[in-house]
Amino acid sequence: KHRWAMYIDVSKCYGCYACVAACAAENNVPIGVFRTWIERHVTKGGTVIFVPKQCNHCENAPCVKACPTGATYKRTEDGLVLVNDDLCIGCGACIQACPYGARFFNPVKGVVDKCTFCEHRIYQGKLPACVETCPTGARVFGDLNDPESPVSQLVKKMPTSRLKEWTGAEPMIFYRDLPSEADL
Ligand code: SF4
Ligand code: SF4
Ligand code: SF4
Ligand code: SF4
């Protein structure tokens with residue numbers, strides 16, 4: 001069993017948007033909607049920071065509970081939260097339920113869409129497109145169930161935080177150097 005997760009070092013992101021472009025190209029994301037995006041914040045000390053965001057593949061995902069058809073589900077064998085396009089009726093309940101604004105209606109596919117952690121790539125032994133493209137190594141991807149995986153090592157060694165812990169969603173994206181201003 002895998003537990004796919006991402007570690008994002010905010011101090012290494014300089015807002016180049018290469019990951020956003022790579023994600024759009026890899027996943028045919030239409031213009032105007034995003035599976036990942038970069039938020040710009042100014043810290044209390046006046047420093048400009050960039051925070052990459054996307055679906056957190058939450059352990060306790062509110063979107064899964066909200067979906068009336070079972071189209072949105074959490075896969076037991078690897079923890080990925082995915083959408084079955086054939087079952088999605090486009091009701092938007094999951095978009096409302098997601099505390100992270102990670103979901104959107106894909107006008108080309110006619111269903112709800114979001115980050116899949118590049119599921120089609122990771123089982124070919126490749127990294128997610130956003131991770132592979134990042135020029136600074138701000139994004140690290142791997143399997144938390146594999147103690148040797150860089151993501152496991154970093155989450156163990158480094159102090160990290162997750163977005164909106166108070167929701168109880170239990171995100172699988174672990175941020176390094178995330179200022180409180182960015183936890184919105
Ligand atoms: Fe669902 Fe949103 Fe969590 Fe992704 S971030 S699993 S869309 S609740
Ligand atoms: Fe489920 Fe689709 Fe409705 Fe979202 S839009 S809650 S995936 S049926
Ligand atoms: Fe996009 Fe894949 Fe990165 Fe998710 S993991 S944001 S789908 S490139
Ligand atoms: Fe930040 Fe890397 Fe994305 Fe550039 S590619 S915006 S440095 S996470």
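**Cavities, ligands and a few residues**

Let me start with the largest cavity: 14 residues line it, and C13, C16, C19, C134 and A138 are the ones nearest its centre. A cavity, on a 1 Å grid over the protein atoms alone, is a set of points where a 1.4 Å probe fits but cannot get out, and lining residues have an atom within 4 Å of a point.

Before going on, the ground rules. This is a predicted model, where local features need pLDDT of at least 70 and side-chain atom pairs count only at pLDDT 80 or more, while totals for chains, interfaces and linings use all residues. Residues are numbered from 1 along each chain as its sequence is written, chains are lettered from A and ligands numbered from 1 in the order in which they are written, and side-chain values use heavy atoms, with hydrogens and water left out.

Back to that cavity. Its volume is about 100 Å³, where a volume is the space filled by probe spheres set on the grid points, joined across faces, edges and corners. The lining of the largest cavity splits into ten nonpolar, two polar and two charged residues. For those classes, Ala, Val, Leu, Ile, Met, Phe, Trp, Tyr, Cys and Pro are nonpolar, Asp, Glu, Lys and Arg are charged, and the others, Gly among them, are polar.

What takes up the space of the largest cavity? It is ligand 4, and a molecule sits in a cavity if more than half of its atoms lie within 2 Å of its grid points. Around ligand 4 there are 13 residues, with C13, C16, Y17, C19 and C134 nearest; a residue counts here if one of its heavy atoms lies within 4 Å of the molecule. That shell has ten nonpolar, two polar and one charged residues.

Next, the second largest cavity, at about 90 Å³. It is lined by 14 residues, and C67, A71, C88, C91 and C94 lie nearest its centre. The lining has ten nonpolar, four polar and no charged residues. Ligand 2 takes this space. Of the 13 residues surrounding ligand 2, the closest are C67, T72, C88, C91 and C94. By class, the shell of ligand 2 holds nine nonpolar, four polar and no charged residues. In total, the count is four cavities of 30 Å³ or more.

Now ligand 3. The residues around it include C23, R35, C115, C118 and C130. Two helices, α1 (18-27) and α5 (129-133), each supply at least two residues of this shell; helices are DSSP runs of H or I with at least four residues, strands are runs of E with at least two, and both are numbered from the N terminus. The shell around ligand 3 has seven nonpolar, four polar and one charged residues.

On accessibility, C23 is buried at 9% relative accessible area, and C98 is buried at 15%. Buried means under 20%, exposed over 50%, and partly exposed in between, with a 1.4 Å probe and protein chains only.

Two last residues. R40, in strand β2 (residues 36-42), is exposed at 53%. Its C-alpha lies 28 Å from that of Q153, 113 residues apart along the chain. D183 comes in the segment after β9 (173-176) and is partly exposed at 27%. D183 and S149 are 34 residues apart in sequence and 26 Å apart, C-alpha to C-alpha.

Conventions: On a 1 Å grid over the protein atoms alone, a cavity is a set of points where a 1.4 Å probe fits but cannot get out, and a pocket is an open set with protein on both sides within 12 Å along at least five of seven lines; lining residues have an atom within 4 Å of a point.
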